[in-house]
Amino acid sequence: MQQQLSLFAADLEDLRWSQPGQLPDRSGMYVYTHLIRGDDDPRRSPRPPGGRKDRAPHQTLGKTQPSHWYSKIEDLLRDEGPLTFNAISVLMLDLTADVTFMTPVDKALWNLVRDRRLVFSLSSPIRFRRVENTSPHTTS
């Protein structure tokens with residue numbers, strides 16, 4: 001049997017990365033491309049009987065500031081290596097990217113890219129990694 005063609009980069013070593021400070025085209029449907037999940041993304045925990053206590057986690061997250069998430073995202077990427085936004089969301093919050101999309105967590109991610117703290121892969125699924133040898137993040 002022939003092996004199925006993969007649309008995604010087979011190995012992290014093969015990924016091409018953005019330049020520090022480079023932002024992607026996020027107009028129109030491109031705003032959703034960083035939500036694509038990787039085959040190796042962790043799964044969030046199963047729903048408990050009766051559901052989760054926080055029935056509107058996107059609203060709860062909306063009460064936070066992007067600056068609250070900067071070090072959490074950077075620390076996770078330092079410890080885990082390149083991750084998709086979905087993996088970042090699951091590992092930090094046990095929520096998938098469709099829930100954390102358009103929240104301060106999402107804004108923090110792109111602020112870190114803009115501020116040259118993170119870069120992103122140029123192929124899908126988009127992964128993010130830290131830029132080494134830079135000063136600590138100071139944007140609020």
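**View 1. H58, a partly exposed residue in helix α1.** H58 has a relative accessibility of 42%, so it counts as partly exposed (between 20% and 50% relative accessible area; under 20% is buried and over 50% exposed, with a 1.4 Å probe and protein chains only). Its place is in helix α1 (helices are DSSP runs of H or I with at least four residues, strands are runs of E with at least two, and both are numbered from the N terminus). Leaving out residues up to four places away in sequence, H58 touches V99 and T103 (contact means heavy atoms within 4.5 Å). H58 and D98 sit 40 residues apart in sequence, yet their C-alpha atoms are 9.4 Å apart in space.

A quick word on the model: it is predicted, so local features need pLDDT of at least 70 and side-chain atom pairs count only at pLDDT 80 or more, while totals for chains, interfaces and linings use all residues. Residues are numbered from 1 along each chain as its sequence is written, and side-chain values use heavy atoms, with hydrogens and water left out.

**View 2. Helix α5 and what it packs against.** Nine of the 11 residues in α5 are buried, so the helix is mostly covered. Among them are P104, V105, L109 and W110. The buried residues of α5 pack against α1 (57-62), α2 (67-80), α3 (85-93), α4 (97-100), β2 and β3. Just after α5 comes R116, with a positive phi of about 65 degrees.

**View 3. The ring cluster of W110, F120 and F128.** The count comes to three aromatic pairs (rings of Phe, Tyr and Trp, the last by its six-membered ring, pair if their centres lie within 6.5 Å; planes under 30 degrees apart are stacked, over 60 edge-to-face, and the rest tilted).

**View 4. R129 over the face of W17.** R129 lies 4.7 Å from the ring centre of W17 (a charge sits over a ring if NZ of Lys or CZ of Arg is within 6 Å of the ring centre and within 35 degrees of the ring normal).
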